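These notes concern helix packing. Please read them alongside the sequence and the model.

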Amino acid sequence: MIGLFGMWTAIAIHTGAGCAASPASDLKIRLGDTGLASLQYHGEDLLSDGALGVQHVTFSGVGGQSSDGDLKVIASTVNAQSHKVKRTYSWGAVSCVYAVQGDRLNLTIGVQNTSDSTVSSIAIQPLELKFPQAPQGWVPNYVYLGANQGAPTVEYANYGSGALAVCNDDVVRPLAVGFPGRESLTVRPILVATSSAGQLSSRFDPVLKRPIASHSYDKYSISLRFGSASSTEETLSGDLLKKFAAKYPPTLRWKDRRSIGTLHLSTSEPDHHSVTNPRGWFLDPTMDVKTPAGKEALRKRLLEYADNSIKVLKKMNAQGMITWDIEGQEYPHATSYIGDPRIVKEMAPEMDAMADAYFKKFHDAGLRTGVCVRPQQLSHTPAKTEQQDVADPAKIVALLYDKIAYANKRWGCTLFYVDSNGDPGVPFDVTIFQRLAAKLAQNKIDALIMPEHQNTRYYGCAAPYDELAQNVTSTPELVRAVYPGAFSVIYAPDGPLEKDHDQLVAAVKRGDILLFRGWWDDPQNPQILKIYQDAGR
């Protein structure tokens with residue numbers, strides 16, 4: 001129900017100048033006392049609750065003490081000419097300007113902090129939608145929110161009779177925008193929040209910081225983009241994706257898209273370790289790498305392993321291989337992959353003496369080589385060995401560069417898998433990898449960087465790693481819409497190769513690289529080879 005002023009506003013907007021729907025648009029809105037009173041697309045009512053409201057606001061004062069702000073609305077005003085609703089609180093005001101542009105509803109949300117404290121976080125609900133049916137692919141309680149960190153925010157809902165993309169039209173500043181988790185799939189609020197606390201889905205969500213200083217103002221530009229049921233994320237948000245690409249242009253250049261073999265020399269499983277083989281070489285606890293005879297046996301086995309791997313790699317027409325564990329795996333997960341070729345002599349002296357001959361075999365066969373590197377610093381003391389995070393991004397860049405430069409200079413390595421660069425959905429700041437790529441190029445080091453975790457911006461400077469067993473068959477379409485030349489490196493073994501054959505062929509045609517087990521004639525290797533043959537690669 002709308003009050004007398006809201007009813008007058010709705011009539012004025014519908015009949016006079018400044019009508020809330022453009023002539024060619026099927027999107028129509030009406031304003032009420034507290035926000036939207038109606039939102040229709042193709043004559044279908046999609047509004048559950050149009051009230052503009054603050055869900056929570058937190059202030060930080062002197063000494064860093066936090067306190068929650070009062071959510072009681074003191075006054076609401078509506079400007080019919082500017083289509084602006086303003087709601088006043090004891091600490092300030094929140095406003096929203098509603099503007100229909102074709103099939104798009106633009107929301108310009110402003111926050112005025114009139115208090116003497118800093119707004120450390122605020123969550124605003126501009127409206128709540130109701131869909132005629134559950135959006136395709138949605139599940140109860142799942143959070144569909146973007147944080148605007150490393151990727152454009154495009155939250156998509158295909159509700160059968162139409163489709164909607166909720167977008168943050170700013171591609172720079174952090175902001176959570178989208179649909180918070182609810183049991184209902186057909187009724188979902190839209191949330192705009194400057195903090196992830198309590199709004200996103202797990203500990204793997206990014207930390208957002210966008211404070212509003214005392215007596216200051218901030219503005220958020222959000223859009224609801226409507227289309228037919230055949231509309232995709234890309235068609236609804238094409239202008240935003242181009243804007244993102246222009247702001248963060250790609251720099252990666254890597255022409256060879258042939259497959260890459262994975263090689264593993266050891267294991268972290270304790271059953272395959274022993275006092276005489278503490279690093280688990282070749283999963284053989286009977287090996288003795290501490291005696292001259294044992295070291296010679298290891299050398300013979302290592303070089304035979306290389307010869308056999310070369311045959312497999314050649315059969316697969318691979319561009320090269322990555323050895324995950326040239327330092328061995330003396331310690332359990334998550335220390336297992338050392339990822340620091342500079343300290344092979346310290347960590348695995350028996351391997352250091354023969355590693356040069358090992359890598360040379362591959363180069364002599366015309367194959368690229370690579371190793372695993374990590375952005376952590378290994379702390380190795382008599383009491384404990386563990387991977388320690390490095391806080392300073394500049395030091396992470398320097399650390400990764402030194403590891404890569406060492407492997408490149410000593411063994412000619414050009415393929416680098418980067419392990420543990422954050423968590424799923426929350427990778428390290430992409431500028432670390434942009435600066436790393438620039439430094440490698442500046443020093444004329446040819447290198448393909450494959451980070452374990454990623455967001456959209458990563459694809460501009462690297463080829464992120466994924467796994468078919470995790471249902472990843474291709475570089476995401478939204479990423480390709482931003483960076484048409486983007487590609488992934490997908491670990492194919494253990495995945496449903498036969499079921500996903502056609503999708504993988506399409507992915508390889510578009511430049512994605514498949515990883516395979518390169519040290520033996522894996523029964524899945526012929527399937528991977530056929531994917532490349534069918535793709536014409």
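1. The crossing of α8 and α9 is right-handed (the near helix is turned clockwise from the far one by less than a right angle). P393, A394, I396, V397, L400, Y401 and I404 of α8 touch I432, F433, R435, L436, K439 and L440 of α9, with contact meaning heavy atoms within 4.5 Å. By class, this contact has 11 nonpolar, no polar and two charged residues (Ala, Val, Leu, Ile, Met, Phe, Trp, Tyr, Cys and Pro count as nonpolar, Asp, Glu, Lys and Arg as charged, the others, Gly among them, as polar).

2. On the source: this is a predicted model, where local features need pLDDT of at least 70 and side-chain atom pairs pLDDT 80 or more, while totals for chains, interfaces and linings use all residues. Residues are numbered from 1 along each chain as its sequence is written, and side-chain values use heavy atoms, without hydrogens and water.

3. α4 passes α7 in a right-handed crossing as well. From α4, R299, L302, L303, Y305, A306, D307, S309, I310 and L313 meet A357, Y358, K361 and F362 of α7. This contact has nine nonpolar, one polar and three charged residues.

4. Which residues of α4 are buried? They are G294, L298, L302, L303, Y305, A306, S309, I310, V312 and L313, buried being under 20% relative accessible area with a 1.4 Å probe, protein chains only. Their packing partners are β18 (260-263), β19 (320-323), α6 (349-352), α7 (355-364), β29 (513-517) and α12 (525-535).

5. Just after α4, N317 has a positive phi of about 55 degrees.

Terms used:
Buried means under 20% relative accessible area, exposed over 50%, partly exposed in between (1.4 Å probe, protein chains only). Helices (H or I, at least four residues) and strands (E, at least two) are DSSP runs, numbered from the N terminus.
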